[in-house]
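Biologist: I've never read a protein model before. Could you walk me through this one, feature by feature?

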Amino acid sequence: MKRTTISLIAVATALAAVTGVASLTAPDGSEGGPAPTAARLPVERSSMLCPAPGTSELAETRYISYTPAGAKGGGAARDSAGGEATAAELRASASVLADTDDKSKDDKAKKDDQAKKDEKDEKAEPGKSPGGKPVVSVKEPGKPVAADADGGDAPALVGTATGALAPGWTTQQTTSVSAGDGRGLLGVSCTAPDTDFWFPGASLAEKRQDYLHLTNPDDASAVADIELYGKDGKLKSTLGDGVTIPPGAAVPVLLSTLTTDKAEDITVHVATRTGRVGAVVRAAHATEGSDWLAASGDPAGTVVLPGVPADATAVELVAFAPGDDDAALKIQLAGPTGTITPAGHETLRVKSGMTARLDLDDLTKGEAASLLLSPAEGGGPVPVVAALRVVRGKGEKKETAFIPAAGPVGERATVADNHSRGSLLSITAPGKAAEVEVVASAGTEAGTRVVKKYTVKSRTTLTITSPVPEGLKGAYAVTVRTLSGGPVHASRLLEIPEDDIPMFTVQNLLDDRGTVSVPEARQDLSVLDD
């Protein structure tokens, strides 16, 4: 008989390499001694999905993709075997195979014919365009790359990063639409696939046209259920049950086709029965611009919505309690010098299973700040999800963006597509004070990275112009690292005005989960081979 030994560390490392999110918990040591010490190791594989930018022929879309340099800096990426690693690449997904807004049977027939052709191509090479060329490809940590796509035919993108390019890989998709109902600056940080999403802040109102974009990165179909919740509870709909997203494909769902209700404010819940998807809502207002609504952070008793602009002319809070209990929330505003309770907007009651809205008007009054929601006095923590709809400008020059509740930055978080002007970074410490490091990467065309440190005082929001790389040409990425103190939450506001309209978009900086916890080997797992 031949004895083969597999160590616990090997198993954990293999899991990390395959999933990018592996974590093992060792035995408690009751029989085998103290629990092993866990080490943090870089993930070796990351997946990413970017939604289709939209249908406007006036759309101009830019992708900026980036992997932060490790502690030892950049250099050519290597795989675990010592060779050159495959580049982090995003490729065109399969063509849209389902569209809830077909205008004629002829159009639908054409789409079906194209879908069959694309599906055939996908079976040979899932996630790739017929030419097989990546839309955007990162070659080296620490150096962002750019790609452009114009018009309304740009597809959703599906991608994977491996080896040294996987930890912290991020991509920003920014679309500018200069006119029409979809006018606006639409920005979104491309997301990792998941199985559960909450979107408070969507709408079925006549002046809104909200599409839920679902993208499947895998080579098997995914099936998702879509639930809509208004101010009185769950809305009647059967069309959202069992939506199929074919392998490597993207499916936009016009939310107003799922129900006859015209609710002004709703919460959308997406949960997959099988597979995993990327999900984001494209929200367009007839007169107040458009932007992407990203998913809220996980339901929590205390949430942070970072980076409300100083010149916001209207702020709307939408919250939802997914559990069995009602939530009584205290509302506070963390500004540059401390935390206040906005007069007339001290609390919000959110009934279980119902969407609640509160108009906060011009909340910030000239000072950028972050909104803090916590249990009201005398109440216990009840998990909620939340988002802000923020309007800048007046009259016919209004523009809209969304700020969903954000989890903490954690060890490290990155946002790409920053410019020499118009990039503002907001960092909030809702508890203890914290020290953070902000790294401005090299530019896509030229520039040398810049590193600065900041202290964020307890229960304040620090808003700064993003540091700019020396000799910058092109766009760049900003990485925030938590060095000490309490947790921080952060967002980036990107402004690109056009025709006196303050076009802007806001993205949260979320923990990139670039490392996984792997316990020290204390025990062998053995198998016997004949």
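**Reading the model**

Modeller: Let's start with Asp 500, which is found in the loop between strand E37 (489-495) and strand E38 (504-509). Helices (H or I, at least four residues) and strands (E, at least two) are DSSP runs, numbered from the N terminus. This is a predicted model, so local features need pLDDT of at least 70 and side-chain atom pairs count only at pLDDT 80 or more, while totals for chains, interfaces and linings use all residues. Residues are numbered from 1 along each chain as its sequence is written, and side-chain values use heavy atoms, leaving out hydrogens and water.

Biologist: Is Asp 500 buried or exposed?

Modeller: Buried means under 20% relative accessible area, exposed over 50%, and partly exposed in between (1.4 Å probe, protein chains only). Asp 500 has 69%, so it counts as exposed. Its phi is positive too, about 65 degrees, although Asp 500 is not a glycine.

Biologist: And what about the phi of Asp 417?

Modeller: Asp 417 is also not a glycine, and its phi is a positive value near 60 degrees. This residue lies in strand E29 (residues 412-418), and Asp 417 is buried, because its relative accessible area is 0%.

Biologist: Now strands. Which strand does E11 pair with?

Modeller: Strands pair if DSSP finds at least two bridges between them. E11 pairs with strand E17 (residues 266-274) in the antiparallel sense, over 6 bridges. Along that pairing, Pro 200 stands opposite Thr 267 in E17.

Biologist: How many aromatic pairs does the structure hold?

Modeller: There are 4. Rings of Phe, Tyr and Trp (its six-membered ring) pair if their centres lie within 6.5 Å; planes under 30 degrees apart count as stacked, over 60 as edge-to-face and the rest as tilted. Phe 197 and Phe 199 have ring centres 6.3 Å apart and planes at 15 degrees, so they are stacked. Trp 198 and Tyr 229 make a tilted pair, with 6.4 Å centre to centre and 40 degrees between the planes. That pair links distant parts of the chain: Trp 198 is in strand E11, Tyr 229 is in strand E13 (residues 222-230), and they are 31 residues apart. Ring pairs also link Trp 198, Tyr 229 and Phe 320 into a cluster.

Biologist: What does the side chain of Ser 370 reach at 3.1 Å?

Modeller: The backbone nitrogen of Gly 307. A polar contact is a pair of N or O atoms within 3.5 Å; within protein, one must be able to donate a hydrogen and the other to accept it, and residues adjacent in sequence count only if both atoms are side-chain atoms. The Ser 370 side chain makes another such contact with the side chain of Thr 461, at 3.1 Å. Ser 370 is found in strand E26 (residues 369-375), and it counts as buried because its relative accessibility is 0%.

Biologist: Last one: which residues touch the most other members of the largest nonpolar core?

Modeller: A nonpolar core is a set of buried Ala, Val, Leu, Ile, Met, Phe, Trp, Tyr and Cys residues joined through side-chain atoms within 4.5 Å. In the largest, with 32 residues, they are Leu 305, Leu 317, Leu 371, Leu 373 and Leu 388. Strand E22 (residues 327-334) gives the most to this core, with 4 residues. A second, separate core of 28 residues includes Leu 204, Leu 235, Val 268 and Val 281.
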